[in-house]
Structures are given as C-alpha cells and as structure tokens.
Amino acid sequence: MTAPNSTTLKFSILLIILLAFQSSAGEVVVTIFNRLVVPPHPSNITVHCKSQDDDLGFHTLLYTDYYEFSFKPNFIRTTLFFCSFTWPGNPHRHYLDIYDAQHDTCEKCTWNINLNGGCLNDHKCGPWKSIDLMDADPPTI
C-alpha cells in the first residue's frame, strides 16, 4: 500500500476543517417587528424576504406584530437575506439587507422597522438601502 502524497493529505485536512466549520455554524433567527407609524397613526406593513436560494413569501404585519424565520449561513459567508417593505398609502417599495453574513454576527437578529428604515438589535439603526416606485399596473403572466 502506498502512502498518500502531501497534496492529497493537505486537501483531506482542508476538507475535514471545512466540514467541521460548516456543521458548527449556528442557526440564525431573524425577527422583524412592525414599529411603523405614519403620522398620526400606526400602519400595517407587508414584508417580502428573499435570499439567492429562498423566497419566503409575503407577510402582512399589524402594528407591533412580527415575522420570524431561521436559517443556517453558509460557511463561505455569502448568505444574504434582503426584504422589501410596503404599506398602505405609500407608492414605494423600501428595501433593507436583513442579514448579510459579510457584516452581521448576530445569531438572534431582531429588527424594528420604522418610517426611516430599521434598527438591528436596537443599536444598529440605518436608513432604507433603496426605495423603488411600485408599478401602477403589475405585469400579467
């Protein structure tokens, strides 16, 4: 029987390390709270979250309600979930990156959505990433 060459051995060790890292990655739980007040009244919002691989669908939240989902980030740290937010009386779709593995380290990521954007875990607040005008007449399929 021949001994493995050094390249095969290095590749095997790297593969074992990557698999161990993948299995040790914790689950991330994202919770999105509706804190939207359109003066002078609270408002419902419709949330639509996606990643490159998953479309989580549309969810309408009453004021103070929440939507929650969970996932395991990939080991190469490219997991990205983004959400759009719409509400009655506003013709725009507002976007936030809800989880970006390049920047976020939380395993319990709680978002409070307000008129100006959102706050992650009550300390990292930011404006909407982008805002688009919604189509007045959506395309028919």
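**Exercises on aromatic pairs and backbone features**

At 12% relative accessibility, Y67 counts as buried, where buried means under 20% relative accessible area, exposed over 50% and partly exposed in between, with a 1.4 Å probe and protein chains only. The model is predicted: local features need pLDDT of at least 70, side-chain atom pairs count only at pLDDT 80 or more, and totals for chains, interfaces and linings use all residues. Residues are numbered from 1 along each chain as its sequence is written, and side-chain values use heavy atoms, with hydrogens and water left out.

**Exercise 1.** Classify the pair formed by the rings of Y67 and F69.

*Solution.*
Step 1. A pair of aromatic rings is described by the distance of the centres and the angle of the planes.
Step 2. Rings of Phe, Tyr and Trp (its six-membered ring) pair if their centres lie within 6.5 Å; planes under 30 degrees apart count as stacked, over 60 as edge-to-face and the rest as tilted.
Step 3. A search of the whole structure finds 8 aromatic pairs. In the pair of Y67 and F69, the ring centres are 5.8 Å apart and the planes stand at 35 degrees, so this pair is tilted.
Step 4. The relative accessible area of F69 is 7%, so F69 is buried.

**Exercise 2.** Classify the pair of F71 and Y99, and locate both residues in the chain.

*Solution.*
Step 1. The centres of the two rings, F71 and Y99, are 5.0 Å apart with the planes at 70 degrees, so the pair is edge-to-face.
Step 2. This pair links distant parts of the chain, 28 residues apart: F71 lies in strand β6 (residues 66-71) and Y99 in strand β8 (residues 92-100). Strands (E, at least two residues) are DSSP runs, numbered from the N terminus.
Step 3. Both F71 and Y99 are buried.
Step 4. One aromatic cluster is formed by Y67, F69, F71, F81 and Y99.

**Exercise 3.** Describe the peptide bond that joins P39 and P40.

*Solution.*
Step 1. The bond is cis, with omega about 5 degrees.
Step 2. P40 belongs to the loop between β2 (37-38) and β3 (41-42).

**Exercise 4.** Describe phi and accessibility for N121 and for D122.

*Solution.*
Step 1. N121 sits in the loop between β10 (117-120) and β11 (124-127), and D122 is found in the loop between β10 and β11.
Step 2. Phi of N121 is near 50 degrees, a positive value in a residue other than glycine; for D122, also a residue other than glycine, phi is positive and near 60 degrees.
Step 3. N121 has a relative accessible area of 27% and is partly exposed, whereas D122, at 62%, is exposed.

Note on methods
Helix = DSSP H or I, 4+ residues; strand = E, 2+ residues; numbered from the N terminus.
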